[in-house]
Amino acid sequence: MSVRFRFKLVLIGEGAVGKTSIRQKYMGKGFTGEYLKTIGADFASQTVEITDAKEERIKSIFQIWDLAGQQAFKEVRASFYGGCQGVLLVFDLTRKESMDKLKDWILEAAKNAGGTIKGFYLIGNKNDLPGRAVSEKEGLKFAQFLSNRLKFDIPYIETSAKTGDNIPFLFMDLCRILLMKEGFDIPETTKEAAEAPPVEAAVPVKEPAILAPAPAVTATVQETSLSPTNDSRNAELISKLEERVTKLEEALKKIAKLLKDL
């Protein structure tokens, strides 16, 4: 089966809300209770398959960018939004202010994405913890508020990066939303169907953080168009993409080492 679509996603929200843990859980990595601050941005990709109303399997690739939440990285973050189609708005259910500040994050994403955003998803993370400061009703109300203001239908979901609750469903449902924007008729996603592990992991970044943007590589990804009828051409394009990502990793590792030595 050939790759039909390539969707760029960004995980955004305040620091320590669990963005990296959500991404890692989705990629099949274990949860750690230790907070590791993302520096700039972190990247990984994942292949997703979903069945449309005609029982046709559609294969897509998620390019997932996990953006640092600290104010110090605001200028660095800006260049990572370009060309994103899906925006995951993450807040901590035990910190109401992290939900309130998502309004600023939405403005930042809209300003820097270049008009390519096709879907938002509001995520209340850490539903496994006691002492929550945001009720489910408040989360749903905030999602409705954002939907009315942005003219987007913004779903709301509560997750746990520790237990994995709702995380497979979240990404599968976002895939459904983005494919429907492309004109496909996709049935509602069920939690049971989404629990199956992802098809395959593709080119995860091994470094814990990326310290600087690489606009040239990002632009190349956006411009790549895959035809469902030409598997050999698709394989060649994917091979070139992986080669470019590998070179990007090597360059960023050198930058990280230089910065650590300063």
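**Figure legends: close-up views of a predicted model**

**Figure 1. Overview of the predicted model.** Of the contacts in the protein between residues at least 6 apart in sequence, 78% join residues at least 24 apart. The protein contains nine helices and seven strands. Its chain has 262 residues, of which 50% count as buried. The accessible surface amounts to about 13,000 Å², and carbon and sulfur atoms account for 53% of that area. A search of the whole structure gives 14 salt bridges; several of these are described in the views that follow.

**Figure 2. Packing of helix α4 against helix α5.** Helix α4 spans residues 102–113 and helix α5 spans residues 136–150. The two helices pack at an angle of about 30°, and their axes lie 12 Å apart. Their crossing is right-handed. On the α4 side the contact is made by L102, K103 and I106, which meet F142, F145, L146 and L150 of α5. Sorted by class, the residues of this contact comprise six nonpolar, no polar and one charged.

**Figure 3. The salt bridge between E182 and K118.** Side chains of opposite charge can pair when their charged atoms come close. In the pair formed by E182 and K118, the closest N and O atoms are 2.4 Å apart. E182 is partly exposed, with a relative accessibility of 31%. K118 is likewise partly exposed, its relative accessible area being 28%.

**Figure 4. Salt bridges of R176 with D173 and E188.** R176 pairs with D173, with the closest N and O atoms 2.7 Å apart. These two residues are three residues apart in helix α6, and therefore about one helical turn separates them. R176 is buried, because its relative accessible area of 9% falls under the 20% limit. D173 is buried as well, with a relative accessible area of 5%. R176 also forms a salt bridge with E188, in which the closest N and O atoms are 3.8 Å apart. E188 lies in the loop between α6 and α7 while R176 lies in helix α6, so this pair ties together parts that are 12 residues apart in sequence. E188 is exposed, with a relative accessible area of 62%.

**Figure 5. The salt-bridge network that includes K126.** Salt bridges link D92, R95, E97 and K126 in a network. K126 is located in the loop between β5 and α5. The backbone of K126 has a phi near 75°, a positive value in a residue other than glycine.

**Figure 6. The loop residue K151.** K151 is found in the loop between α5 and β6 (156–159). Phi of K151 is positive, near 60°, and the residue is other than glycine. K151 is exposed, because its relative accessible area of 72% is over the 50% limit.

Methods. Residues numbered from 1 in each chain as written. Predicted model: local features only at pLDDT ≥ 70, side-chain atom pairs only at ≥ 80, totals over all residues. Heavy atoms only, no water. Axes fitted to C-alpha atoms, helices over the stretch in contact; angles between N-to-C directions. Helix = DSSP H or I, 4+ residues; strand = E, 2+ residues; numbered from the N terminus. Left-handed = near helix turned anticlockwise from the far one by under 90°. Contact = heavy atoms within 4.5 Å. Nonpolar A, V, L, I, M, F, W, Y, C, P; charged D, E, K, R; others polar. Buried < 20%, exposed > 50% of the residue type's maximum accessible area, 1.4 Å probe, protein only. Areas by Shrake-Rupley, 256 points an atom, 1.4 Å probe, with all protein chains shown as cover. Salt bridge = Lys/Arg side-chain N within 4 Å of Asp/Glu carboxyl O.
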